[in-house]
Amino acid sequence: MLAALSLRSVLMGLATGGLTATVAALGISGILTLADVAGGADLGLLLGIFLGIFIGGWVAGRTAVHSHRFHGSVAGLLLGGLVVILASASEARSSVANVLVLALVGVVLGGLGGWLGGRRRQQ
């Protein structure tokens with residue numbers, strides 16, 4: 001199955017998803033902090049990561065010629081892995097359960113985005 005993987009599509013999804021996660025996290029965190037929401041910065045970061053994984057999966061699925069959901073899932077999983085690497089570099093503590101949940105979220109949200117991105121293309 002990896003031989004059918006379009007590296008170009010996955011890299012496009014990673015780049016777009018990373019940029020989307022960064023901009024969305026900054027924007028949502030800023031708005032929630034200004035609105036005096038308790039824990040607004042953390043919630044904004046979480047929502048930004050989820051949105052970035054979904055959009056990254058959508059772009060990977062949209063640009064893939066076939067196996068749209070698979071490309072979206074791979075992009076989502078890699079984005080989740082990137083988040084774990086960045087979190088561990090900043091000395092944030094994360095348990096094995098947190099890493100596994102983020103991997104599951106990455107596969108599911110990225111796959112959903114890839115499926116939606118490729119679904120429109122097939123019609």
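Q: How are H1 and H3 oriented to each other?

A: Please bear in mind that this is a predicted model. In general, angles under 35 degrees count as roughly parallel, over 145 as roughly antiparallel, 65 to 115 as roughly perpendicular and the rest as oblique. Here helix H1 (residues 7-34) packs against helix H3 (residues 68-89) at an angle of about 50°, and their axes are 9 Å apart. H1 and H3 are therefore oblique to each other. Their crossing is right-handed.

Q: Which residues in H1 and H3 meet?

A: From H1 come Ser9, Val10, Gly13, Leu14, Gly17 and Gly18; from H3 come His71, Val74, Ala75, Leu78 and Leu79. By class, the residues of this contact comprise six nonpolar, five polar and no charged.

Q: Which residues in H3 are buried?

A: A residue is called buried under 20% relative accessible area. In H3 the buried residues are His68, His71, Gly72, Ser73, Val74, Ala75, Gly76, Leu79 and Gly80.

Q: What does H3 reach from its first C-alpha to its last?

A: The 22 residues of H3 reach 32 Å, close to the 32 Å expected at 1.5 Å a residue. Just after H3, Glu91 takes a positive phi of about 65°.

Q: Does Asp42 count as buried or exposed?

A: The term exposed applies over 50%. Asp42, found in helix H2 (residues 40-63), counts as exposed because its relative accessibility is 60%.

Terms used: Residues numbered from 1 in each chain as written. Predicted model: local features only at pLDDT ≥ 70, side-chain atom pairs only at ≥ 80, totals over all residues. Heavy atoms only, no water. Axes fitted to C-alpha atoms, helices over the stretch in contact; angles between N-to-C directions. Helix = DSSP H or I, 4+ residues; strand = E, 2+ residues; numbered from the N terminus. Left-handed = near helix turned anticlockwise from the far one by under 90°. Contact = heavy atoms within 4.5 Å. Nonpolar A, V, L, I, M, F, W, Y, C, P; charged D, E, K, R; others polar. Buried < 20%, exposed > 50% of the residue type's maximum accessible area, 1.4 Å probe, protein only. Expected span 1.5 Å × (residues − 1).
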